[in-house]
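Visitor: I am new to this structure. Could you walk me through how to read it?

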Amino acid sequence: MAKIKFNILVLILSSSLFYSQKPNEANVSEKIPIVGVKKGLSDEELMETVQKQTFRFFWHYGHPVSGMARERSNTVKCNYYWDYINEAWDEPNLSTGTFGPDAIAVGGTGFGIMSTIVAVERKWISREAGLDRIIQIADFLTKADRFHGAFPHFMDGNTGKTIAFGRLDDAADLVETSYLMMGFLCAREYFNQNTLKDNYLKKRVNEMWDAINWKWFTNNEKKLYWHWSPTQGFDMNFPIWGYNEALITYIMGAASKWHPIPKEAYDGSWAGATTFKNNTKYYGYELPLGNYGEDKGGPLFFEQYTFQGIDPRGLKDSLNIDYELQTRNHTLINRAYCIENPKKHVGYSERCWGLTAGDSYKGYVAHSPATDLGVIQPTAAISSMPFTPKESMQAMRYFYEELGGKIWGEYGFHDGFHLGKNWSSNTYIAIDQGPIIVMIENYRTGLFWKLFMNIPEIQTGLKRLGFTSKSPVIKK
């Protein structure tokens with residue numbers, strides 16, 4: 001009997017140790033079950049399955065205190081996050097600090113809020129449950145660190161205190177703030193009934209939105225700066241040059257009622273950058289923007305973050321740049337490069353493509369044709385669904401049906417994989433998971449393009465910067 005009791009005690013202690021080491025999931029009453037690979041699904045069924053399982057990252061793995069999105073599903077060693085990123089380039093890292101389950105992604109939370117709207121719209125969760133989670137996030141942020149209204153890149157999910165990205169990057173991140181507010185503004189538009197909770201959320205969102213002093217980040221110059229710190233000021237000296245993932249920041253900045261940026265800032269640092277225009281053809285596809293001749297447009301997240309909310313269809317700027325052409329052709333160039341496969345990586349094909357930032361066998365890398373390590377990020381092809389529906393569906397079906405259990409898990413597709421090394425990251429990252437859900441939904445229903453493009457402030461911001469749109473979702 002004593003031996004049995006001892007064995008039971010060991011089992012209990014072992015189980016307690018296991019669960020204490022596993023990060024707490026959010027406390028949710030409405031569970032979303034995990035599903036395995038089911039072959040023979042229709043396109044609609046496959047999109048629904050991928051969206052729903054990916055949403056589990058934000059719903060079940062959301063931080064239990066703040067409700068916000070954790071940056072990643074694993075813990076890495078670093079004193080600054082740059083320590084971990086630079087490991088990929090063989091820089092030594094003996095950091096004793098850790099970056100783990102309490103590290104919250106501000107921009108990723110914006111994508112998570114949009115994903116929660118999808119979940120309500122598709123009735124995976126109730127309207128009340130989704131609204132409660134977004135209010136939980138908004139309430140938490142009332143006491144979180146802010147700098148002239150802007151939030152940091154990372155914060156502690158328990159306290160709201162900044163987690164420094166680097167020695168100079170220790171406070172405001174205007175680009176991540178713009179992703180967060182894109183999510184909140186979509187939520188304000190979606191939850192628009194005259195109820196106590198809807199009105200409360202609207203109040204909280206407007207408080208955050210109105211408090212951001214976008215103009216402060218121009219530093220009284222014809223530029224817009226990415227970062228500011230109360231101890232470092234603008235010492236990081238990083239204007240938001242075009243072309244990359246940050247167009248949304250200019251639109252949001254110009255949209256502000258109380259602290260708008262002038263068009264001169266857009267002209268001076270975004271459209272005026274030497275890296276802005278390209279006008280070169282690759283594989284027969286013209287690439288209007290992104291003077292990255294060696295890497296054929298850069299990683300695909302350039303075309304996915306801003307355009308979760310901004311509809312590129314019929315969108316042109318004051319320089320007559322066609323953003324519908326830009327988003328589609330950048331994606332097709334990335335795919336064509338993978339099909340050409342000049343480095344002869346195992347597995348690249350018309351079904352297996354997509355280079356963007358994410359986890360690799362060397363660490364976190366912004367993969368592109370210029371930085372091609374043989375690692376495919378499923379989010380790259382799948383989040384391009386509105387631009388290349390046929391090609392993206394082909395890739396998603398291959399990832400799901402053919403690679404199956406190798407890269408499919410409890411929160412959807414693993415962040416990255418390398419078939420030649422038989423390697424999968426077995427990790428999930430908020431800023432890669434969110435666009436999968438949102439962009440599939442934009443392809444299916446145009447939900448966020450309808451919500452975001454019809455917000456009066458966003459229309460004002462686009463007009464102030466000289467954009468015109470013939471989007472089918474814009475009210476005439």
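Visitor: How many helices and strands are there in the protein?

Guide: Helices (H or I, at least four residues) and strands (E, at least two) are DSSP runs, numbered from the N terminus. Here the protein has 15 helices and 17 strands. The model is predicted: local features need pLDDT of at least 70, side-chain atom pairs count only at pLDDT 80 or more, and totals for chains, interfaces and linings use all residues. Residues are numbered from 1 along each chain as its sequence is written, and side-chain values use heavy atoms, leaving out hydrogens and water.

Visitor: What percentage of the residues is buried?

Guide: Buried means under 20% relative accessible area (1.4 Å probe, protein chains only). In this protein, 59% of the 476 residues are buried.

Visitor: How many residues of helix α8 are buried?

Guide: In α8 (residues 247–255), 9 of 9 residues are buried. Among them are Leu-247, Tyr-250 and Met-252.

Visitor: What covers the buried residues of α8?

Guide: Look for contacts, meaning heavy atoms within 4.5 Å. The cover of α8 includes α6 (174–190), α7 (196–211) and α10 (323–340).

Notes. Buried means under 20% relative accessible area, exposed over 50%, partly exposed in between (1.4 Å probe, protein chains only).
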